[in-house]
Amino acid sequence: MSTGPQPAIDTSVPHSARIWDYWLGGKDNYRADREAGDEVLRYVPDIAVSARQDRAFLGRAVRFAVERGIRQFLDVGSGLPTAVNTHEAAQRLAPESRVVYVDNDPLVLVHARALLSSSPEGVTEYLEADMREPAKVVEAAARTLDFGRPTALLLLGVLNHVLDGDEARDIVRRLCAPLAPGSLLIVSHTCDHTSETLDGEAMRRAVRSVMERGGTPICARSRDDIAAFFTGVELLEPGVVSCSQWRPDAPVPPREVPHFAGVGLVAGAS
Ligand SMILES: C[S@@+](CC[C@H](N)C(=O)[O-])C[C@H]1O[C@@H](n2cnc3c(N)ncnc32)[C@H](O)[C@@H]1O
């Protein structure tokens, strides 16, 4: 864990956490982030809706985990604090929940205090770490979480920053390896799926344009490629779908957004 001196932040380069914050209506973003965010909005006007639906999915998936008895959460690529962070979603239902956040953006570290406002009964911890070093993430998280008990591993909007599919699947496999039976793998990912309401080609153009600007590399994946992250775990109903349509609360689900999600159960559970 790192909570020492304040890190240097290059505000001239667009960064994922800050673009995401911009789309979510936050204030922790700079001109380069807003310009990159606007560029994507030109191609995919629904992208800000996507970001908000992803956060709503987070709330439903955390509730699903709590209802299954899970009290430990490892949120990798947690992003800047925003409305209803993972520990808030978990601890308002189960105050004893233990939550570890991981992110590699120094700005998230600056705001980490907001992520550390745990309920008195629970724990929240923040690690500045890179998920491309999964062994280090697991080792550091194990100081707070007991991997002998079920844990929800959240990888929301973060695997889209690992362009190589084999590397991304390897990260997921290695982060899942220590999880006890009954644990959940929760993934959401930018998706270039085409349907009646989604334009996959527009998403691919937006991604190319962001890549040309520099900053955090990003990719969109197909629904099948996102489903492949669940190899070795049991992908639960309804499978990989638009995050807005994963077990929605409303009887009429919100429309599809170009950000897909799924939840898988680590084998061996009853
Ligand atoms: C698009 S935001 C998603 C935030 C949040 N999970 C959500 O869904 O609302 C992606 C986050 O992943 C972080 N990130 C990107 N690459 C990472 C890596 N290699 N290791 C850890 N975090 C990473 C970024 O800094 C950013 O905060």
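The model is predicted, so to speak of local features takes a pLDDT of at least 70 and side-chain atom pairs count only at pLDDT 80 or more, while totals for chains, interfaces and linings use all residues. Residues are numbered from 1 along each chain as its sequence is written, and side-chain values use heavy atoms, with hydrogens and water left out.

Rings of Phe, Tyr and Trp (its six-membered ring) pair if their centres lie within 6.5 Å, with planes under 30 degrees apart counting as stacked, over 60 as edge-to-face and the rest as tilted. That rule gives three aromatic pairs. One of them joins Phe57 to Trp246, edge-to-face, with 5.4 Å between centres and 90° between planes. Phe57 sits in helix α3 (residues 47-67) and Trp246 in the loop between β7 (241-242) and β8 (259-266), 189 residues apart; helices (H or I, at least four residues) and strands (E, at least two) are DSSP runs, numbered from the N terminus. Phe57, Phe64 and Trp246 make up one aromatic cluster.

Turning to helix α2, Ala32, Asp33, Ala36, Gly37, Glu39 and Val40 are buried. On the other side, Arg31 and Arg42 are exposed. Cover for the buried residues of α2 includes α1 (16-23), α3 and α9 (200-213), where contact means heavy atoms within 4.5 Å.

Notes. Buried means under 20% relative accessible area, exposed over 50%, partly exposed in between (1.4 Å probe, protein chains only).
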